[in-house]
Amino acid sequence: MEYVLEVSQAVFALALAPLVVGFVRWLKARMQNRRGAPPWQPYFELVKLFGKEVVVSQQASWLFRCVPYIVFASTLTVTFLVPFFFVPGPLDRVGDLLAVVYLLLLGTFFLALAGLDPGTAFGGMGSSREMTVAAIAEPTIAVAIFSLALGAGSTNLGRIVTQALGNPATAISPGHLLAFAALFIVALAETGRLPVDNPATHLELTMIHEAMILEYSGRYLALIEWAAALKFMIFLALLANLFVPWGVATDITPVALAVALIALLLKLGLLSLLIAIIETRVAKLRLFRVPELLGVSFVLALLAVTSSFLLR
Amino acid sequence: MLLSKFIRTGLVTEPLNGDPARNVELAHETRAEIRRHLGRALAIREVDAGSCNGCEIEISGLTSPVYDSERFGIHFVASPRHADMLLVTGPVTRNMEVPLLKTYEATPAPKLVVAVGDCAKHCGVFKGSYAVIGSVADVIPVDAFVTGCPPEPAEILQGILAALGRLPQKK
Amino acid sequence: MFIAYGLGALAALVSARKSLGRGLVALGAIAGAGAGLALGATVIVTGVPFTLFVPELLPLGGGLALRLDSLGAFFLVVIGVGAIPAALYGAGYTAVYEDGRASLRLLGMMFNLFLLTMSLVTLADNVLTFLLMWEGMSLTSFFLVMTEAGEERTRNAGLWYIGMTHAGLVMLLAAFLLLTGGTGSGAFADLRSIAPSLTPAVRDIVFLLAFLGFGSKAGIVPLHVWLPRAHPAAPSHVSALMSGVMIKMGVYGLLRLTLDLLGGGPAWWGGLVLAVGVVSALLGVLYALMEHDLKRLLAFHSVENIGIILIGIGAGLMFHRYGLMPLAALGFIGGLYHVLNHATFKGLLFLGAGSVLHATHTCNMEEMGGLIKRMPWTALFFLIGAAAISALPPLNGFASEWLVFQSLLGGVNIPVPEVVVVMPVAVGLLALTSGLAAACFVKAFGITFLALPRSSEAAHAHESPFSMQCGMGLLAVACIGLGVAPFAVVPVLGGILAGLGGLPDTRAEFTYSVFLQTPGVFGQMSPTLLALGLLFLLGVVPSVMWLLRLNYRRRLSDSWGCGRVGQTARMEYTATAFAEPLKRVFAEIYRPMRELTVDFHPGSKYFVQSIEYRSEITPWFDQSLYRPFLESATFVAQQVRRLQAGSLHLYLLYIAVVLTLLLVVARWF
């Protein structure tokens with residue numbers, strides 16, 4: 001029974017991901033005083049992309065054609081490990097937070113290779129920048145995991161959430177808040193949001209994630225865009241459920257699951273609003289200022305660990 | 001402060017109205033599958049084949065809050081591989097002939113081409129210049145023309161929608 | 001085992017030029033390595049050590065004493081795992097030397113002797129045997145490095161290597177002498193029993209000397225400078241062995257001395273090892289990022305991975321001191337597992353680099369490209385190696401790095417607050433190195449294999465011969481296997497550690513069917529299930545798309561380049577450009593030298609005739625650490641040289657003076 005729920009949870013996340021991205025776009029449009037596309041616009045885009053022809057470069061190799069599937073599969077694997085509705089999931093022991101981070105790195109690694117494959121300058125530039133940002137974001141994630149694991153006594157996601165549900169005091173401790181801030185900055189960096197990368201830009205010299213996928217079209221592009229939306233949703237769900245776990249069901253009854261669903265949607269909505277406000281307010285950082293931003297998040301994470309430890 | 005500003009201003013998007021028949025010319029009937037396929041989500045790649053940039057400025061107004069092309073599901077992309085429609089401006093100059101062809105070739109099917117401006121339709125004031133090869137239709141197949149020098153953003157939007165088959169055509 | 005190696009060496013002497021000779025050399029090496037592997041596996045499985053004592057052979061030092069216990073057996077298995085594919089690969093690779101550029105006889109003989117002495121190091125049970133075999137290993141590897149002695153770079157590399165390895169030997173000699181404590185017996189069993197009676201100061205000095213000596217062999221910073229010179233200079237299968245296996249002998253020695261003979265020590269030992277490990281890992285990967293010579297890049301990566309291994313071992317030593325035995329075992333297991341994994345994926349990468357060298361006759365990444373189409377198998381194996389070294393699941397690098405991370409996370413249990421506060425920094429820096437390693441290998445694989453060829457050699461590259469592909473394939477399979485089935489390896493490692501330095505048998509703590517778990521169930525993970533899940537999803541997605549009839553209409557075209565005509569290799573990203581953002585971010589550590597020369601037209605300074613830009617990064621150890629040292633050593637040597645005036649009468653005078661002095665000293669004392 002639990003396995004069925006787990007699978008349906010992953011399917012639900014897969015289905016909801018484009019809506020979250022669309023919702024952020026819609027909020028940004030409203031904040032710019034225009035009507036904007038409805039929040040479910042990304043679904044139309046995905047359907048359209050799946051129906052389009054695929055144009056592949058002659059200079060690219062078999063790697064170019066395999067990468068969309070690898071990126072999609074690795075991101076989808078992570079959705080099985082992240083608690084969206086209920087804890088502890090039956091697959092909780094299969095992977096902990098470190099495994100999640102490295103699975104996402106797997107997707108980034110291959111996407112960067114796909115950027116280099118067609119031999120264009122933009123692709124190489126995107127790959128180089130993406131790997132720089134990913135490498136410098138790693139320490140913050142690791143130290144933030146450390147601080148969360150300290151409080152919960154485990155690096156497994158289900159345990160962290162259960163632990164936080166068990167003693168609410170830890171969720172408001174300074175360690176947690178600082179870790180939330182640090183992980184929030186990293187989430188912006190890893191998912192390609194302002195101020196690190198503008199997802200709506202069409203100036204190649206300002207692109208990081210987009211530059212790697214300039215060569216993709218049709219169903220490959222659809223898979224990669226869906227995987228990117230899924231990654232965004234995973235980060236938001238992690239931020240929501242690890243730090244504000246109330247609402248997550250601990251027993252499998254219809255009422256608890258319904259409450260969990262509503263709670264998750266509420267939390268995702270609030271986080272999307274926050275991100276939309278930040279994206280409207282802040283300008284994109286110059287690439288060589290991004291390490292400074294990530295350095296700030298690293299310091300925040302270190303402070304989080306120190307305070308969690310000292311207040312134990 | 002941001003909050004108060006955007007609440008005070010409210011939505012400024014103007015509804016799309018006006019007579020499309022004045023400036024929009026369809027080269028042929030929109031195919032049904034285009035409407036079904038691309039009707040709800042359209043990605044446009046804008047190509048300047050040698051224009052004076054007047055049409056570009058009007059096109060850049062399309063994404064502004066007043067005209068807001070995004071409410072129709074239209075957005076602009078950087079790579080023709082991601083695009084469904086090419087919005088071409090200007091007469092085709094000698095140096096831009098091959099790039100225009102390459103852009104058209106790089107766009108995956110099904111695709112549309114809308115030529116914006118008098119220059120794109122019949123070379124406008126540049127007709128006969130030594131640097132110009134011809135109009136856009138001489139180089140790539142065009143699905144709709146939007147005439148004007150430059151046409152207003154609302155007219156360009158009507159042209160795009162007409163090419164998609166989303167506007168009722170008054171003949 | 002001896003017989004097999006001996007035969008291999010002899011065969012090399014006898015018939016070198018023909019392919020039969022090369023095959024025999026390889027066969028001898030494989031048979032010997034296989035025998036060693038079998039021996040090691042037997043000892044690990046049965047737990048019964050293997051002993052062989054020949055007192056007549058080296059009577060002064062207590063005889064040739066060989067004893068293989070579990071720790072040595074593990075390293076013997078590592079040697080076997082590294083040697084078999086390398087030898088197989090070498091059978092095909094050494095064909096390039098048949099034109100007389102290098103002596104195949106010497107290569108074959110030294111190759112087999114190298115493997116023999118290295119295996120005997122793990123078996124040594126006696127100070128003299130150990131040092132003798134250690135020296136033999138260094139000398140044979142020196143000859144192997146100098147194979148292509150015709151080139152200036154190789155001779156320079158050989159000189160650095162032999163100098164540093166002998167400096168290390170001197171420190172080891174001093175350490176062992178102090179350890180024997182004047183009893184005169186060199187047997188390890190005796191050393192073990194008298195170690196507790198040594199004063200703490202002596203133990204500290206022994207530890208430091210041993211750390212420096214073994215560390216210089218392992219390649220810790222700042223004693224690593226021979227690595228980037230020697231590894232690229234040697235033939236590729238030798239580099240694979242040296243990098244994958246020989247530097248692990250340094251780790252073996254350190255473990256043997258610290259944990260086994262000395263029985264552990266104060267916490268600062270572990271702290272020092274940990275700190276040096278972190279610094280080595282970070283600096284290794286930073287310098288690797290800036291390299292565009294494929295082999296030098298891999299050599300710097302070896303420094304990084306040794307750093308990771310030392311992090312695990314340092315953490316283990318620290319936990320050991322505080323009595324947290326399960327966590328100590330976790331740290332050591334992480335380190336040892338990484339030893340095995342590094343041997344496999346670094347060996348694979350070096351063999352791959354050798355194939356590329358073989359095909360394109362250059363190691364410079366800036367001249368390669370597009371090789372994935374011309375050398376598909378090599379590219380696939382190199383990709384597996386690159387993914388493994390970047391610690392991507394579900395390959396083996398991920399499993400061992402996960403263990404090392406978990407051991408660092410367990411650091412919160414140490415009762416000393418100052419140490420605990422520093423642990424997160426170590427965690428962060430370890431994560432940084434693993435991210436940077438991933439970036440480095442995107443660059444290495446991407447620039448070398450993908451996109452368009454940047455030179456005519458790359459455009460005409462050919463796939464490697466079959467034996468070379470086999471060698472690489474074996475290691476690729478090992479990488480995948482070790483990654484997917486860590487539950488088979490980890491309890492074995494736990495068993496190896498049992499009894500060493502008072503560690504209990506922690507086999508039961510670490511695995512739970514297909515899951516890897518840490519003591520106290522702090523973290524649980526199953527790479528096997530992750531791999532299965534990934535494969536399943538990789539299969540499901542295209543199948544669903546096929547069912548929905550979504551896989552039609554594919555068209556080939558040129559890469560999108562904003563409508564330009566044609567595409568050449570000059571338009572691609574270069575290796576230097578790829579690493580440039582990181583060079584800027586870490587500019588303080590790199591301190592790149594930048595030189596910009598602008599030539600103006602003689603007529604007017606508004607017209608530029610040419611611009612030349614040079615940027616170079618020399619590791620600052622060379623500048624600030626080694627150069628003053630070398631300069632002062634040369635200065636002292638030149639002063640001493642004055643004594644050698646060349647006159648026979650002066651030399652006779654010297655002899656007379658010294659003899660008189662000796663007589664006086666012997667009379668009075």
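In chain A, 78% of the contacts with a separation of 6 or more join residues 24 or more positions apart; two residues are in contact if their C-beta atoms, placed from the backbone, lie within 7 Å. The model is predicted, so to speak of a local feature takes a pLDDT of at least 70 and side-chain atom pairs count only at pLDDT 80 or more, while totals for chains, interfaces and linings use all residues. Residues are numbered from 1 along each chain as its sequence is written, and chains are lettered from A and ligands numbered from 1 in the order in which they are written.

Let's stay with chain A for a moment. Chain A has twelve helices and one strand, where helices (H or I, at least four residues) and strands (E, at least two) are DSSP runs numbered from the N terminus.

Now look at chain C. Chain C holds 26 helices and eight strands, and 55% of its 669 residues count as buried.

How do these two chains meet? The contact takes 70 residues from chain A and 66 residues from chain C. On the chain C side, helix 17 gives the most, with 16 residues. By class, that side has 46 nonpolar, 13 polar and seven charged residues; Ala, Val, Leu, Ile, Met, Phe, Trp, Tyr, Cys and Pro count as nonpolar, Asp, Glu, Lys and Arg as charged, and the others, Gly among them, as polar. Strand 1 of chain A (residues 54-57) also pairs in the parallel sense with strand 6 of chain C over four bridges, pairing being at least two bridges found by DSSP. There, A:S57 has C:S557 as its bridge partner.

Finally, find the largest nonpolar core, with 349 residues. Such a core is a set of buried Ala, Val, Leu, Ile, Met, Phe, Trp, Tyr and Cys residues joined through C-beta atoms within 7 Å. A:V20, A:L113, C:V427 and C:L430 have the most contacts inside this core. Beyond its neighbours within four places in sequence, A:L113 is in contact with residues including A:L63, C:V442 and C:F445.

Conventions
Buried ≥ 20, exposed ≤ 12 C-beta atoms within 10 Å, placed from the backbone.
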